[in-house]
Amino acid sequence: MGNTQYRGRIIWFLLTCRPDLLPIDLKRQGRCEVHIPLFYPDTDEARTKMFVSMGKKNGIDIAQDEVPKMPGGLPLSGADIESIATAGRRLALLEGKSQVSALHLTAAMESFVPSHQTDEKELQELAAIIECTDIAFLPESLRGALRDPHERAELMQRFRKASLRAGS
């Protein structure tokens with residue numbers, strides 16, 4: 001990683017839910033210099049795209065207009081959406097149908113129980129924001145937290161509190 005002869009020739013991907021726990025020397029410029037946070041899809045458009053993508057990944061043809069409406073404020077991860085899509089396929093197969101319909105997906109959505117939003121999840125999201133190396137990678141709603149020194153200090157305080165609650 002430190003050999004500059006390879007710069008631009010080798011791409012390293014390191015994935016973690018807790019970038020704050022990686023050694024600082026691994027995260028410095030010249031090593032892993034671009035830190036891209038990944039968040040749950042937070043708009044109807046993003047959730048629709050995720051449903052279509054997860055359907056494609058699992059061999060389920062989901063049209064955009066078949067994606068069920070999300071209950072207000074329900075945060076769904078990509079894994080949650082994939083689970084709903086595959087549950088919709090199971091419902092279709094139980095009916096002897098090969099095509100998953102909007103009714104199947106809606107029924108799967110209505111019976112889905114997402115994992116509880118825990119302190120650890122909050123900690124992971126805060127760490128992703130803090131460790132991000134380019135504001136352009138953040139949703140517009142989160143960019144101010146890194147631009148404004150007072151908001152950044154507040155973000156760090158929230159992170160410390162979440163870390164204590166999560167036992168990290």
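Helix axes are here lines fitted to C-alpha atoms over the stretch in contact, and angles between them run from 0 to 180 degrees between N-to-C directions. The structure under discussion is a predicted model. On this basis, helix α3, spanning residues 78–94, packs with helix α4, spanning residues 102–111, at an angle of about 120°. The axes of α3 and α4 are 8 Å apart. Because of this angle, α3 and α4 are classed as oblique to each other, and their crossing is right-handed. From α3, the residues I84, A85, A87, G88, L91 and A92 take part in the contact, and they meet H104, L105, A107, A108 and M109 of α4. By residue class, the contact of α3 with α4 comprises nine nonpolar and two polar residues, with no charged residue.

On the α6 side the contact involves G144, A145, L146 and R147, while α7 contributes P149, E151, R152 and L155. The residues of the contact of α6 with α7 divide into four nonpolar, one polar and three charged.

Attention now turns to the charged side chains. Nine salt bridges are present in the structure. One of the residues involved is K27, which is located in helix α1 (residues 24–27). With a relative accessibility of 11%, K27 falls under the 20% limit and so counts as buried. Apart from neighbours within four places in sequence, K27 is in contact with P19, D20, L22, C32, H35 and E131. With E131, the side chain of K27 forms a salt bridge, at 3.0 Å from N to O. E131 belongs to helix α5 (residues 119–131) and K27 to helix α1, so this pair ties together parts that are 104 residues apart in sequence. Both E131 and K27 are buried.

D20, listed among the contacts of K27, has a salt bridge of its own with R18, in which the closest N and O atoms are 2.6 Å apart. The two partners fall into separate accessibility classes: D20 has a relative accessible area of 22% and is therefore partly exposed, whereas R18, at 14% relative accessibility, counts as buried.

Within helix α2 (residues 44–57), D44 and R47 lie three residues apart, about one turn of the helix. The side chains of D44 and R47 meet in a salt bridge, with an N to O distance of 3.0 Å. D44 has a relative accessible area of 52% and is therefore exposed. R47, by contrast, counts as buried because its relative accessibility is 13%.

Salt bridges also link D119, E122 and R165 in a network.

How values were computed: Residues numbered from 1 in each chain as written. Predicted model: local features only at pLDDT ≥ 70, side-chain atom pairs only at ≥ 80, totals over all residues. Heavy atoms only, no water. Helix = DSSP H or I, 4+ residues; strand = E, 2+ residues; numbered from the N terminus. Parallel < 35°, antiparallel > 145°, perpendicular 65-115°, else oblique. Left-handed = near helix turned anticlockwise from the far one by under 90°. Contact = heavy atoms within 4.5 Å. Nonpolar A, V, L, I, M, F, W, Y, C, P; charged D, E, K, R; others polar. Buried < 20%, exposed > 50% of the residue type's maximum accessible area, 1.4 Å probe, protein only. Salt bridge = Lys/Arg side-chain N within 4 Å of Asp/Glu carboxyl O.
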